[in-house]
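Please keep the sequence and the model open while reading.

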Amino acid sequence: YSKSDMLPALNNIESFQVTTAGDFFGAFDSGIYKTNYETSICILPLVAANDLPTYETTITNAKDYLLSIQNTEANVYSCDPDTPLNCEFYGGWGYGDPSYPWADLSNTQWTLMGLHYAYNALGLTSADTDFGTDALTYVRHCHNDTYINDLSLPGFPGTDGGLTYNP
């Protein structure tokens, strides 16, 4: 795509407020408090515009915001410190409110897609971070198979091998 192909999307993105301070620094926010979805999705046309000199700082700040809201011990997600991987929402993403540590597969997959494109555009490698390993832990926690899912929640996991929206 050329930047001119992306102008309608880029113009729409400019109507979003990019947060410049506080817990939501770098997030895109249309006012409906779904900053994770919005930030993840807004990264895509910024990258597709193929104009890194113009959008590099915005993409970097958006990437950093998404990493800051992943449910991990580094981001104030609290659970039993002796067994952090057994916490049901560990490694996943929710709507983006750091005071509400919750996650679902929809938010998690949009975030991973946004991070994938941001990392590629910025010439970074996700192998240098733990976010992918932690995300895989969350996806395993959504898997309805005791062979893969090590959680022990009442009635879950089962044995049909499917996935659930969240544990």
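**Helix packing in a predicted model**

Asn36, Tyr37, Ser40, Ile41, Ile43, Leu44 and Val47 of H2 lie against Ser106, Asn107, Trp110, Thr111, Met113, Gly114, Tyr117, Ala118 and Ala121 of H4, where contact means heavy atoms within 4.5 Å. This is a predicted model, in which local features need pLDDT of at least 70 and side-chain atom pairs count only at pLDDT 80 or more, while totals for chains, interfaces and linings use all residues. Residues are numbered from 1 along each chain as its sequence is written, and side-chain values use heavy atoms, with hydrogens and water left out.

Q: Are H2 and H4 roughly parallel or roughly antiparallel to each other?
A: The two helices pack with axes 8 Å apart and at an angle of about 30°, axes being lines fitted to C-alpha atoms over the stretch in contact and angles running from 0 to 180 degrees between N-to-C directions. Angles under 35 degrees count as roughly parallel, over 145 as roughly antiparallel, 65 to 115 as roughly perpendicular and the rest as oblique. H2 and H4 are therefore roughly parallel.

Q: How is H2 oriented relative to H3, roughly parallel or roughly antiparallel?
A: The axes of H2 (residues 35–48) and H3 (residues 52–68) come within 10 Å and cross at roughly 150°. That angle makes H2, relative to H3, roughly antiparallel.

Q: How many charged residues does the contact of H2 with H3 have?
A: From H3 the contact draws on residues including Tyr55, Lys63 and Leu66, and from H2 on residues including Thr35, Ile43 and Val47. By class there are eight nonpolar and five polar residues, and the charged count is one.

Q: Are H4 and H5 roughly parallel or roughly antiparallel?
A: H4 (residues 105–122) and H5 (residues 131–141) have axes 11 Å apart and pack at an angle of about 160°. The pair is therefore roughly antiparallel.

Q: In which element of the chain is confidence highest?
A: pLDDT is the predictor's confidence in each residue, from 0 to 100, and its mean over the chain is 80. Confidence is lowest in strand E1, at a mean of 65, and the highest mean, 95, belongs to H4.

Conventions. Helices (H or I, at least four residues) and strands (E, at least two) are DSSP runs, numbered from the N terminus. Ala, Val, Leu, Ile, Met, Phe, Trp, Tyr, Cys and Pro count as nonpolar, Asp, Glu, Lys and Arg as charged, and the others, Gly among them, as polar.
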